[in-house]
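Please look at the sequence and the structure shown below, and then read the short report that follows them.

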Amino acid sequence: MKLTQHPREVRRTGDNRAASSLWGYVWRMSEGHQVALCLIAVFVAVLSLIPIELQRRIVNEVVATQNVPLLLQFGAIYVGVILLHQAVKYGLWAYQSWISESTSLYTRRHLLGLVRQRDGEAEHGNGRVVSIAVSEVESLGGFVGQAVSGACANAAMLLGVIVYMFVVEPLIAAFALAFLIPQIALTPVIQRRLNRLVEARVGFLRDLGDDISDRATTAEPQWSTLLDQIYSNRVQFFLLKFLMKSALNLLNASGPITVLLLGGYLVMQGEAEVGVIVAFISGFERISSPLRELIGFYRIAAQANVQHDLIADWIDTRLDRSKD
């Protein structure tokens, strides 16, 4: 396959210094491809919204009238939309992976080229190079290829479902979507603490890599201290991460029950249709995933920004030393 043999050629600027920001790096590595990825991702999101309206119409128009030919027609449309959705989604995944791996390949070549410029010199920090070139670059490459376009798809999905709900039944939508506000307020508070833990962990892993690679010391107490620090850091990270996840899941679960209670009351009063309740429950299933992914994007972007800044500092330091 062509994608597996031909990575994207990144346009060279003649400047070996790192991009000034994470978003500058994203554009440098993907350029117009990032726009194409986002457009395809939005199209995928639009396709995933069509079944919500089909479900409402099947319940209200087909089941109530017992129109079998119309039922078969809606069923055929439903299947066609699902097949098209999965086909386009597969193409998007392949495109994202190509950009991600092309980014990782280019960045690793660039970093290792800087290392070769100082060949022959006894130098501390080889373990740091391994950590940067292997795991840290992998994370940044994945962010360039997948995170931005994924955020576009999730934002389009979230906005589409919200608009649809307000068009169909504003009262139920307003009550149910009120549970999104605490999620938006809670996420940045916890994320700031997670960012500090990520930055500390990168430093610990780099120091451990230096000690292992350079064998600057074989004293077990120093290694033991680093390992204890890494353990403590990760436990704190996961406790905070899962606390945020549990709180968000609790708030997400409150939306559907609101739809059932308030919507059920409106149906009994003759002010809403059963199909609306079905469509709204399905809509909330589609809201919870993109909302969770958007919050995840906020977290991943913050962590990627930390990693980019650390790698950029390493590159700039390396280039300044090469001039000495």
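## A buried loop residue

Glu31 counts as buried because its relative accessibility is 17%, where buried means under 20% relative accessible area, exposed over 50% and partly exposed in between (1.4 Å probe, protein chains only). Glu31 lies in the loop between H2 and H3, and its phi, near 50°, is positive although the residue is not glycine. Most residues other than glycine have a negative phi.

This is a predicted model, in which local features need pLDDT of at least 70 and side-chain atom pairs count only at pLDDT 80 or more, while totals for chains, interfaces and linings use all residues. Residues are numbered from 1 along each chain as its sequence is written, and side-chain values use heavy atoms, with hydrogens and water left out.

## The chain as a whole

The protein chain has nine helices and zero strands, where helices (H or I, at least four residues) and strands (E, at least two) are DSSP runs numbered from the N terminus. Of its 324 residues, 42% count as buried. Among contacts (heavy atoms within 4.5 Å) between residues at least 6 apart in sequence, 85% join residues at least 24 apart.

## Nonpolar cores

A nonpolar core is a set of buried Ala, Val, Leu, Ile, Met, Phe, Trp, Tyr and Cys residues joined through side-chain atoms within 4.5 Å. The largest such core holds 34 residues, of which Leu111, Phe143, Trp314 and Ile315 touch the most other members. Helix H2 (22-30), H3, H4, H5 and H9 each supply at least two residues of this core. A second, separate core of 24 residues has among its members Ile52, Met157, Leu197 and Leu291.

## The largest pocket

The largest pocket has a volume of about 1,100 Å³, and of the 42 residues that line it, Gln146, Ala147, Glu293, Phe297 and Ile300 are the closest to its centre. Here a pocket is an open set of points on a 1 Å grid over the protein atoms alone, where a 1.4 Å probe fits, with protein on both sides within 12 Å along at least five of seven lines, and lining residues have an atom within 4 Å of a point. Grid points are joined across faces, edges and corners, and the volume is the space filled by probe spheres set on the points.

H5 gives the most to the lining of this pocket, with 14 residues. The lining divides into 19 nonpolar, 16 polar and seven charged residues, where Ala, Val, Leu, Ile, Met, Phe, Trp, Tyr, Cys and Pro count as nonpolar, Asp, Glu, Lys and Arg as charged, and the others, Gly among them, as polar.
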